[in-house]
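Thank you all for coming.

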Amino acid sequence: MGKELILKTLRHEKTERVPWIPFAGVHAGKLKGYTAEEVLKDGDKLYESLLEVNKLYTPDGMPIIFDLQIEAEIMGCQLLWAKDNPPSVMSHPLQGEKKIPCKCKIPTAQSGRIPMILDVMKRIKAQIGNETALYGLICGPFTLASHLRGSEIFMDMIMDEQYVKDLVSYCAEVCCKMTDYYVDAGMDVIAVVDPLVSQVSPDHFESMLSESFTAVFDYIRNKRAFSSFFVCGNATVQMDVMCKTNPDSISIDENVDIKKAKEITDKYNITIGGNIPLTTTMLYGNQQDNMKYVVDLIDNMDNHNLIIAPGCDMPYDIPIENTIAVAQAVRQTNEVREMVKNYEAFDDIDIEVELPDYENLSNPLVEVFTLDAKTCAACTYMLNSALVAADHYGDKIEVVEYKYTVKEDIARTKKMGVKNLPSIYINGKLKWASIIPSRKELFEEIDKVI
Amino acid sequence: MNLILITGFLGSGKTTFLSNLLKEFSNKKIGVIMNEFGEKGIDGTLIKNDNFDMIELNNGSIFCACIKDNFIQAIAEFTKHDIHYLFIESTGLADPSNMENILDITKKLSTKEINYLGSICIIDSLYFLKQYKLLPALSRQIQYSNAVIINKIDLQNEDKINKIVIEIKKLNCNTYIYKTSFCCAKVKDIISNLHYSNTGFSETTNTRETRPKSIIITVNEKIKKEEFVKFLENICLDTYRIKGFVNTTEGIFEVSVVGNQINLTPWNNQIKSTEIVIISSVGIKIISRVTKEWNKYFNSKLSIKS
């Protein structure tokens, strides 16, 4: 039974096969023809879509809702809704006001979309909860802190560590409350989703964040639920400090070499999940690409303490057959291995792009390479920091975003040799990979070339 | 209706003082407003059995804008009943600077005349000199008091007590000062000497974010007393206060911890399960500290509520 497989894996026991979890957030809506906004706001549509995910993708575990903006919305952030993406945060209540919010702002079981979510959780639990492990996803304390404070938080990390610590600890209290609601509604696993963790140094993580994360994971464990630490982006250097916060499992995306990461998580006896590439393989690849990737994952690593999953929230438009192929590869690995034995992996996108003549630009050019600033929180903050510069310098500089969800931009990203997303290049030179620059750092670099 | 405010830091002896008051005034009609930090008022359990009316206000300080409205309404509610004395026990970190302003609004809402006799601040002579410089609310409690009771003098030397008196006088030269142990002061005298003089009004420093982090732990199984004490010894320095009831193999005890002073007193009533409120002095880290220390001593499952 799928659920037992997940629970065994999270208890670090040996299992007969590797379990699999599709992170079908907004993508669940696609299966029933609903938009992202519909599936994230309408309980009946969400419920219907989740049952379809369960039917088509035969998962061992699945999330109920994948939206890191639920808490932020309740706490005063304005959201911009999209048809095929989760909403993004448009305003930050603590922008320009360095405060810790009142505790009366902490979401209750009656706030915002929480009653709808709890209702769906209970219904799904009753319907498939015996066979499928259910994941309740909460916004991690650092990402929530940046939703509230905006990109100024990266400056705070340099100028006022205590404030960041206090704000993140406040957000960790929000995490504890969300854990209460979700565990009481039947969730087996609480995933603390904090994409922004990949954007700060391990030193900063340890001095300002780890205490809060550790408290949240201890809290989840005391509630008799399992925990998972989801991160996106290149969190390679953070793997060790993340393990020290003691979650039951960690989930990573394609920016991290899962084989190397697993060597670290194995040392701590923590389960690792990941990392099927979301766009190149799941969105733009074909069934064989997906099968091959999964078979390689299974064959290249010790299967103990391993979960197969997409790198993060699945893009809305992922072809259904690709996800089915992943499920197939997990469940019938031997047969699928035979099928893709001689298959050459999906090659580069065949689009010619021309790179600018970086030596002879009329104005400094700031290029932000992202997964898509609309969907990836780390990318949003990376892009925003560049937009602050655009505001400040006006037409003295040019700022552009290239998204990994657009085929031409994928080709450009590859041609530029970009290794990590998000990254900022100035005049064709890599300046920041994964780490979001503070306003001061960015301006200094721009001033050098202006 | 006579109104008396009781302030004092966590563990200073407010509840004991209130119990003494209730005994002394048992022939009068009494109302109590109890303001607790945790979500469950453990203080409430201690005195609920006696014959008086009580309203509990949880989730923050009564002086904080967050629940100030409820506080005003609670006072107004008591004026509808036949009450001689209304005692208000505030939270340990209450900053009563805006009491004057609260009274003004309350008087407008109330059907009966309210006679504010003043505020009595209880201080713990053992820890006061260490605490009051760190926690501005404690100075405010003295500044806005009309009487100060220096408690637990049996645990402190005379020299230190004199120092405390000097510090109190610096903050408020008009307040009456009493010295006592176990809050055994002559409460009737204290009350009759109370004369409220308008100490002015300023904004309270109490906000929801200045509330210390508190958690409630519950355990269903009986646990060993000796190990429970070890557990308390290991976490007490990360807390301002620990309070509640524990069900041990040796019987039920009332738990009271202030600093490293751990007191377990036999409790004769029944309790559903072990339930302890822990007020952290290390923020959210207390969750991890408690979990770690608990796992050292016990196999029984611990449940923590944030």
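What follows is a short walk through two interfaces.

Please keep in mind that this is a predicted model, in which local features need pLDDT of at least 70 and side-chain atom pairs count only at pLDDT 80 or more, while totals for chains, interfaces and linings use all residues. Residues are numbered from 1 along each chain as its sequence is written, and chains are lettered from A and ligands numbered from 1 in the order in which they are written.

Between the chains, 15 residues of chain B are in contact with 16 residues of chain A, contact being taken as C-beta atoms, placed from the backbone, within 7 Å. On the chain B side, the elements that give two or more residues are helix H10 (286-297) and strand S13 (303-305), where helices (H or I, at least four residues) and strands (E, at least two) are DSSP runs numbered from the N terminus. The largest share of that side, 3 residues, belongs to H10(B).

Within chain A, there is domain 1 (2-339) and domain 2 (358-449), with bounds from an automatic or database domain assignment. Their C-alpha centres lie 26 Å apart, and the contact between them takes 24 residues from domain 1 of chain A and 22 residues from domain 2 of chain A. On the domain 1 side, helix H7 (141-149), helix H8 (152-159) and helix H13 (278-283) of chain A each supply at least two residues, and the largest share, 3 residues, comes from H8(A).

Key. Two residues are in contact if their C-beta atoms, placed from the backbone, lie within 7 Å.
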